[in-house]
Amino acid sequence: MTTLPVQRRRALFPEIADLLAGFPSWGSLRPFDGNVMRLEDELKDGSYELRAELPGIDPAKDVDITVRDGQLTIKAERTEKKESNGRSEFAYGSFVRSVSLPPGSNEDDIKASYDKGILTVSVPVADTKPVEKHVAIESGR
């Protein structure tokens, strides 16, 4: 006995979600939603520089920078509360990003600054050349 495939009828009007699928997500326009954060890094003049756009935060209380095993991690959190006419609105979001530091990075001399919404982290890097190592091969005979 064979079964006929069930065909789904198409609606005369498309679903709302289908209509909105082509538009950008509103969440992507908010800097802390969905881990969307502009981050730039470059190696120049013996220093690795990382810049992150973190507008509207207090860097002293909202940002935490840590270094461990060659990984630099930036954590930021923003909360905002608006009150008017007996109504209040809350907006909040968090961001965590880790990057690998280049070989020769001096993890003890990292400096960070915040100016006009841009967090800049500078890591001194020693001018080291990659060392090539030869591996001996053991034979089973």
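On a 1 Å grid over the protein atoms alone, a pocket is an open set of points where a 1.4 Å probe fits, with protein on both sides within 12 Å along at least five of seven lines. This is a predicted model, in which local features need pLDDT of at least 70 and side-chain atom pairs count only at pLDDT 80 or more, while totals for chains, interfaces and linings use all residues. Residues are numbered from 1 along each chain as its sequence is written, and side-chain values use heavy atoms, with hydrogens and water left out.

**Second largest pocket**

- The second largest pocket has a volume of about 160 Å³, a volume being the space filled by probe spheres set on grid points that are joined across faces, edges and corners.
- Lining residues have an atom within 4 Å of a point; among them here are Leu 43, Gly 46, Pro 102 and Pro 103, along with Val 125 and Lys 129.
- The lining has six nonpolar, two polar and two charged residues.
- In this classing, Ala, Val, Leu, Ile, Met, Phe, Trp, Tyr, Cys and Pro are nonpolar, Asp, Glu, Lys and Arg are charged, and the others, Gly among them, are polar.

**Salt bridges**

- A salt bridge is a side-chain nitrogen of Lys or Arg within 4 Å of a carboxyl oxygen of Asp or Glu, and the model has eight salt bridges by this rule.
- Arg 38 pairs with Glu 40, with 2.5 Å between the closest N and O atoms.
- Arg 38 is partly exposed at 49% relative accessible area, and Glu 40 is partly exposed at 31%; buried means under 20%, exposed over 50%, and partly exposed in between (1.4 Å probe, protein chains only).
- Arg 51 and Glu 42 form a salt bridge at 3.2 Å, N to O; Arg 51 is partly exposed at 22%, as is Glu 42 at 32%.
- Lys 111 and Asp 109 form a salt bridge at 3.1 Å, N to O; Lys 111 is exposed at 52%, whereas Asp 109 is partly exposed at 34%.
- Shared partners join Arg 38, Glu 40, Glu 42, Glu 49, Arg 51 and Glu 53 into one salt-bridge network.

**Positive phi in loops**

- Asp 69 is a residue other than glycine with a positive phi, near 50°.
- Asp 69 lies in the loop between strand S3 (63-68) and strand S4 (71-84), strands being DSSP runs (E, at least two residues) numbered from the N terminus.
- Asp 69 is exposed, at 69% relative accessible area.
- Lys 116, also not a glycine, has a positive phi near 55°.
- Lys 116 sits in the loop between strand S6 (111-115) and strand S7 (118-124), and is exposed at 77%.

Key
Helices (H or I, at least four residues) and strands (E, at least two) are DSSP runs, numbered from the N terminus.
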